[in-house]
Amino acid sequence: MSSTNGSTLCRVGVVVTLAGVISMAIMFSRFSPSRNCPPPPPKPKVNSVQNCAKSSNSVNDIAEKPIVLLWVWPENYRFDFSDCKKFYNIDNCHLTDDRGLYDEADNVIVYHRDIQWDLSNLPPSPRPPFQRWLWLHLESPTNTKRIPGLENLFNLTLSYRQDADIPVRMRLITSKKPNKDFVIPKKDKLVCWIVSNNDPSTGVDRRNDFFREFRKYIRVTLFGKAYARFLDYKDYYPTLASCKFYLAFENSIHKDYITEKINGPLAAGTVPVVLGPPRRNYENFVPAESFIHVDDFPDAKSLAEYLHQLDRDDNAYQQYFNWRKHLTPSPHLILQTQEFILAICTACDHVARHREYKEVHDLYDWYFR
Ligand SMILES: *[C@@H]1O[C@H](CO)[C@@H](O)[C@H](O)[C@H]1NC(C)=O
């Protein structure tokens, strides 16, 4: 996403927001009992509102859509809630960061890393009886602090884990009608890797050990903060596309901890070489023949040899794209400030469809199991 693009989007955002505010203002002035409408009954029915005010769509929306209150902005990365509609066509809840709506909020999203150790910044108790609290956390257990006192507090978990109440993930989309033949982008690099985090405390030993050995046998083009070669956001997908292989190495190894690192190359038209949970786990989400797993080889040297071999054999390389005939990847959002948009929009969509009672008792028993 280029910066011009970014500022255009931003402007569009401002216009949309302004339009929203203005139409709300109009709506409320029309809705006001002192005008043409008879005074509304104590609990106005959506229909009577509709008959009265013409621009009733949003009144309707607010009346029916569950309110989802984002208690804090995760990592202070703010975005426009209309992004859920724009990027994922999700529009079935009323997202807000207005704590003034707490008493009416059907759901409250609490971001794990922003919870203070003494729990003093949690939403107030007692909570309204209908209200559900959502625990939002996207890091792996290796990178999760056990803040005490979070048992019997939440109703739904929102995580990359497949067994979370609300799993968050970019997915490949199936199509019945075959896609048109995929044209592999032009390649001028063999293996690429973008690494921003190299902090040993985050569990990166395994991938670093593997990489140290691997790079003895094959040329790897490195990008990212860790290598002082920062890649501009707008260059992310084109750069990935220009590499035959991309190292989608997770920082720590956990079940289902398969991040956007694999989605990037799949979306760009590059073959991901993955390091993470076992191959079988990957195959829950992406086809077996769409990626190469480091565990498929006895050591780094044989993996390097295999990649060299594929580099010489266009036909064999091509086979890694057959899955695209009936599956379509979608690029994920790449700005750092967009990190939580998918999770929050996924939550919005889920709570609009599921209103069942639910409690999370032993959060950590589940998470660290
Ligand atoms: C939410 O969970 C809490 C504690 O786990 C529980 O006391 C409360 O009744 C639940 N509320 C709903 C609406 O599910």
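Me: Which residue stands opposite Thr157 in β5?
Reply: Trp135 does. Bear in mind that this is a predicted model.

Me: How many bridges join β4 to β5, and do the strands run parallel or antiparallel?
Reply: Three bridges, and the strands run parallel. Strand β4 covers residues 132–136 and β5 covers 156–159.

Me: What is the strand order in the sheet?
Reply: β2-β1-β3-β4-β5-β6. That is six strands in an open sheet, with parallel pairing.

Me: Which strands are at the edges?
Reply: β2 (94–96) and β6 (166–167). Each pairs on one side only.

Me: Which strands does helix α11 lie across?
Reply: β1, β2, β3, β4, β5 and β6. The helix spans residues 341–353 and runs at about 150° to β4.

Me: How many aromatic pairs does the structure hold?
Reply: There are 25. One of them is Tyr282 with Phe291, 5.4 Å centre to centre. Their planes are 35° apart, and the pair is tilted.

Me: Are those two buried or exposed?
Reply: Tyr282 counts as buried because its relative accessibility is 1%. Phe291 is buried too, with a relative accessible area of 1%.

Me: Why is the pair Tyr317 and Phe321 called edge-to-face?
Reply: Their planes are at 65°, so the pair is edge-to-face. The ring centres lie 5.4 Å apart. Both residues are buried.

Me: New topic. Which rings have an arginine over them?
Reply: Trp71 is one of them: the charged end of Arg99 sits over its ring, 3.7 Å from the centre. Another is Phe285, with Arg169 over its face at 3.8 Å from the ring centre.

Me: And the largest nonpolar core? Which residues touch the most other members?
Reply: Phe214, Phe245 and Ile292. That core has 50 residues.

Me: Which element gives the most to it?
Reply: β10, with six residues. Other elements giving two or more include β8 (189–194), α5 (205–214) and α9 (300–312).

Me: What is Ile292 in contact with, leaving aside neighbours within four places in sequence?
Reply: Its contacts include Phe245, Val271, Pro272, Val273 and Val274. Also among them are Arg279, Leu303, Tyr306 and Tyr320.

Me: Which residues are in the second core?
Reply: Tyr77, Cys93, Ile166 and Cys348 are among them. This core is separate and has 28 residues.

Note on methods. Residues numbered from 1 in each chain as written. Predicted model: local features only at pLDDT ≥ 70, side-chain atom pairs only at ≥ 80, totals over all residues. Heavy atoms only, no water. Phe/Tyr/Trp six-rings, centres within 6.5 Å; stacked < 30°, edge-to-face > 60°. Buried < 20%, exposed > 50% of the residue type's maximum accessible area, 1.4 Å probe, protein only. Lys NZ or Arg CZ within 6 Å of the ring centre and 35° of its normal. Pairing = 2+ DSSP bridges. Helix = DSSP H or I, 4+ residues; strand = E, 2+ residues; numbered from the N terminus. Contact = heavy atoms within 4.5 Å. Axes fitted to C-alpha atoms, helices over the stretch in contact; angles between N-to-C directions. Core = buried A, V, L, I, M, F, W, Y, C linked by side-chain atoms within 4.5 Å.
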